Amino acid sequence: MIKFISHKFCALVLLVCFQANAVLLSDYCQENVVCSDNFMSALNSAMKTKTPLIVSGSNYLVKDISTAGKGFSNITIVGVGDARLKTNQLHFADIPFLTIKNLKIEGIDYYEGSEEQDTSLVFVGTKKSTLVDNITFDNVTISKAAEDLLAIWNVNNLVITNNTLAEAGLAMRIAPILVPNDLRPRGFAFAIKNIKNANFSSNTVLAAKKVGIYFASENFVSNNIVLSNNFIDLKSDSQPTQRYGLLGGNGIYFDQTTNFEKVDIFGNNIRNYNTSALRINGSGFSVFDNQMNSSENCSPQGQYVEPSIGASGIKSHYLKNSFIYSNCVENSLSGVSLESWGVISNVTISTNTIYNSNSSIVVQYKNGGTYNHININDNQIYGALQNAIALRSDHLVSNNSVQRNTIISNMNWDGTDRRKGPLVYFQNQSDFKIKLNYLVATAYSKNWTHVLFNGSKNGIFERNIVMSGTGDDYRLGGVTLYSNTSGIEVSNNNFYSLSPGIINESKSNTIGQNSYN
C-alpha cells in the first residue's frame with residue numbers, strides 16, 4: 001500500500017493531465033532567460049485554442065509585459081508545483097474573463113531608489129472608461145514590488161481568494177509632498193479603483209509600506225463588495241518609513257468619498273497599522289467580527305500585540321446607513337472614530353469590545369461636518385484613558401443615543417495626564433438618550449468625571465449604574481451638567497460610593513428620583 005505521495009509527483013501527474021489539452025509555457029520559454037515576446041505568443045495560443053496556459057517551471061523571466069489593446073480575452077493561467085514568473089511588469093490589461101491560479105509572481109528590480117518597476121508590479125482590468133468583466137485570482141502569491149503589488153482597475157465580477165501578497169513599497173518611493181516634511185510612502189498590496197460585485201476572501205497581506213487593501217472610486221459608484229477572513233499584518237522587518245516606521249499605514253482603506261455602497265467587511269484580522277485598521281466611507285457598510293491589533297480570543301491577557309499609538313481601529317469621514325458590530329479592537333488610540341467631514345448619519349455601533357484605548361468610541365466634526373442618529377449600544381469598553389464614549393460638536397446635533405454599554409475604566413486617574421477626561425462626554429447634543437449603561441471609573445474632578453454634559457439640551461439620562469472604582473472620588477464623581485445645559489432629565493439612576501453623585505449647574509434641568517448607595 002502506498003501511504004505517501006510527494007508534492008512533486010502530484011504536480012507531475014497534474015502536468016501530464018494538462019498536456020493533452022493545454023499550452024505549456026515550457027514550449028515557448030527557457031528558465032533564467034528573458035522570454036517576453038514568447039510569453040505573449042503563449043498567451044495568444046492559449047486564447048486561440050481555448051485551453052489553459054500551464055506554467056511548470058520556477059524561474060521564467062518576463063519583462064515589460066502589457067496586453068493593453070491587443071484583443072486578448074478568455075485567458076486562464078495555471079501554475080503547477082513551484083511555478084514562478086519573475087518580472088518587473090506583468091500587466092494583463094484589457095483582458096475580460098481572466099483567471100490565474102496556483103502561481104507565484106515575484107518582482108525584480110525593486111531595490112531602494114529603483115525606477116525599473118512601474119507603479120504596479122501586476123495589473124488587471126483596464127485604464128479605459130469601461131469595465132472589464134470576470135477576473136479571478138486563486139492561490140496566487142505576488143511579492144517584492146517597488147511600489148504596488150497588484151492593481152485592479154475598472155472591473156465587474158471580481159474574485160480574489162486564497163492569495164498571498166507580500167512586500168509592497170520596497171523602492172521607498174514617496175507620494176507628492178503636500179505638507180512640508182510629511183513624507184508619505186507609496187506601497188499598496190492591493191490598489192483597487194472602480195469595481196462592482198467583488199469578493200476578497202481568505203487572502204494574506206504582509207509587509208505593505210502604506211496600505212494593505214486600498215479602494216478608490218472616481219466618477220463611479222463602486223458597490224457590492226465583500227472582504228472576509230483576510231489576514232493583514234503590515235509590519236516590515238526592515239526599511240522603516242519616516243511616517244510609519246516599520247509599521248504600515250492602514251489595513252483596509254476606502255478613500256475619502258461617498259462613492260462606495262453595499263460593502264460587507266467581516267472576519268478579518270488586521271494588525272500593525274499606524275493610522276487605521278479600517279477606513280470606511282460611503283453608505284450601506286456592515287463591519288463585523290473583525291479583530292484589530294487584538295489577541296486571538298479578544299482578551300487583554302492573550303497574545304501580545306505591539307500597540308499602534310496614534311491609530312484608530314475603525315475610522316470614517318463620510319458614512320450613512322451602516323452597522324459596526326461585534327468587532328474587537330485593542331492597542332489602538334481609538335476603537336471607533338467617526339469624524340464627520342460632511343454628513344455621518346444612521347450609524348449603529350454595537351456589541352464591540354474595545355480594550356486599552358485613549359478614546360474608545362468618538363463621534364465628532366471637522367471642517368463644518370455634522371452627524372445625527374448615531375446609536376452606540378451594547379458595547380464593552382475597558383481601560384479607556386480619556387473618553388470611553390464622546391460625542392462632540394461645535395453646533396447642536398440631534399437624535400443620538402448611548403444605551404446598555406458596559407464601561408470600566410482604569411482606577412488611577414490622578415490628574416497628571418491632560419488627556420484624561422469624562423468617561424462619557426456629550427457636547428452640543430439635543431434630543432438624546434443615555435440609558436441602562438454600567439459606568440465604573442474614579443473621577444478626579446467635576447470635569448474629569450463619569451458623565452459630563454456641555455452645551456446640551458432636551459435629553460434623557462436614566463436607569464444607569466454609575467459607580468466609583470475606589471470611593472476616593474465620592475464628592476467629585478457622577479454626573480456633571482454645566483450651566484449651559486437645559487431640558488435634561490436625570491432620573492432612576494443608581495449611584496454607588498458617590499455623593500452627591502449629581503452636580504447640576506443649571507436650573508433648567510430636571511433631577512428626578514435617583515438612588516445613592
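Predicted model: local features only at pLDDT ≥ 70, side-chain atom pairs only at ≥ 80, totals over all residues.
Colleague: How many aromatic pairs turn up in the whole structure?
Modeller: A search of the whole structure gives 18 aromatic pairs. Phe190 and Phe200 form an aromatic pair whose ring centres are 5.9 Å apart and whose planes make an angle of 85°, and that arrangement is edge-to-face.

Colleague: Why does that one count as edge-to-face?
Modeller: Planes over 60 degrees apart count as edge-to-face, and the planes of Phe190 and Phe200 are at 85°, so the pair falls in that class.

Colleague: And what about Phe200, buried or exposed?
Modeller: Phe200 is buried, with a relative accessible area of 0%. Elsewhere, Phe453 and Phe461 form an edge-to-face pair, at 6.2 Å centre to centre and with 85° between the planes. Phe453 has a relative accessible area of 0% and is buried, and Phe461 is buried with a relative accessible area of 0%.

Colleague: Which residues make up the aromatic cluster that Phe190 is in?
Modeller: Phe190 and Phe200 form one aromatic cluster together with Phe215, Phe254, Phe260 and Phe285.

Colleague: Switching to charges over rings, where does the charged end of Lys193 sit?
Modeller: The charged end of Lys193 is over the ring of Trp153, at 3.7 Å from the centre of that ring. Lys127, for its part, lies over the face of Phe123, and there the distance from the ring centre is 5.3 Å.

Colleague: OK, pockets. What volume does the largest pocket have, and which residues lie nearest its centre?
Modeller: The volume of the largest pocket is about 970 Å³. Its lining is made of 39 residues, and Phe188, Lys210, Tyr214, Tyr253 and Asp255 are the ones nearest the centre. Several elements give two or more residues to that lining, namely strands S10 (120-125), S13 (148-161), S15 (188-201), S17 (211-216), S20 (248-254) and S23 (273-279).

Colleague: Which strand gives the largest share of that lining?
Modeller: S15 does, with four residues in the lining of the largest pocket.

Colleague: And how do the lining residues divide by class?
Modeller: In the largest pocket the lining divides into 17 nonpolar, seven polar and 15 charged residues.

Colleague: What about the second largest pocket, how much space lies in there?
Modeller: The second largest pocket holds about 200 Å³ of space. It is lined by 16 residues, and Ser312, Lys315, Leu333, Ser334 and Ser337 are the closest to its centre. At least two lining residues come from each of S23, strand S26 (308-316), strand S29 (332-340) and strand S32 (359-365). By class, the lining of the second largest pocket comes to three nonpolar, nine polar and four charged residues.

Colleague: New topic: how many disulfides does the structure hold?
Modeller: There are two disulfides in the structure, and with bonded cysteines counted along the chain they follow the pattern 1-2, 3-4. One of them joins Cys29 to Cys35, with an S to S distance of 2.3 Å. The link of Cys29 and Cys35 is right-handed, with 100° about the S-S bond, and both Cys29 and Cys35 are buried.

Colleague: Which cysteine is joined to Cys298?
Modeller: Cys298 is joined to Cys328, with 1.9 Å from S to S, and the link of Cys298 and Cys328 is right-handed, with 90° about the S-S bond. Cys298 lies in the loop between strand S25 (291-292) and S26, while Cys328 lies in strand S28 (residues 328-329), so the pair ties together parts that are 30 residues apart in sequence.

Conventions:
Residues numbered from 1 in each chain as written. Heavy atoms only, no water. Phe/Tyr/Trp six-rings, centres within 6.5 Å; stacked < 30°, edge-to-face > 60°. Buried < 20%, exposed > 50% of the residue type's maximum accessible area, 1.4 Å probe, protein only. Lys NZ or Arg CZ within 6 Å of the ring centre and 35° of its normal. 1 Å grid on protein atoms, 1.4 Å probe; cavity = no way out; pocket = protein on both sides within 12 Å on 5 of 7 lines; lining within 4 Å. Points joined across faces, edges and corners; volume = space filled by probe spheres on them. Nonpolar A, V, L, I, M, F, W, Y, C, P; charged D, E, K, R; others polar. Disulfide = S-S within 2.5 Å.
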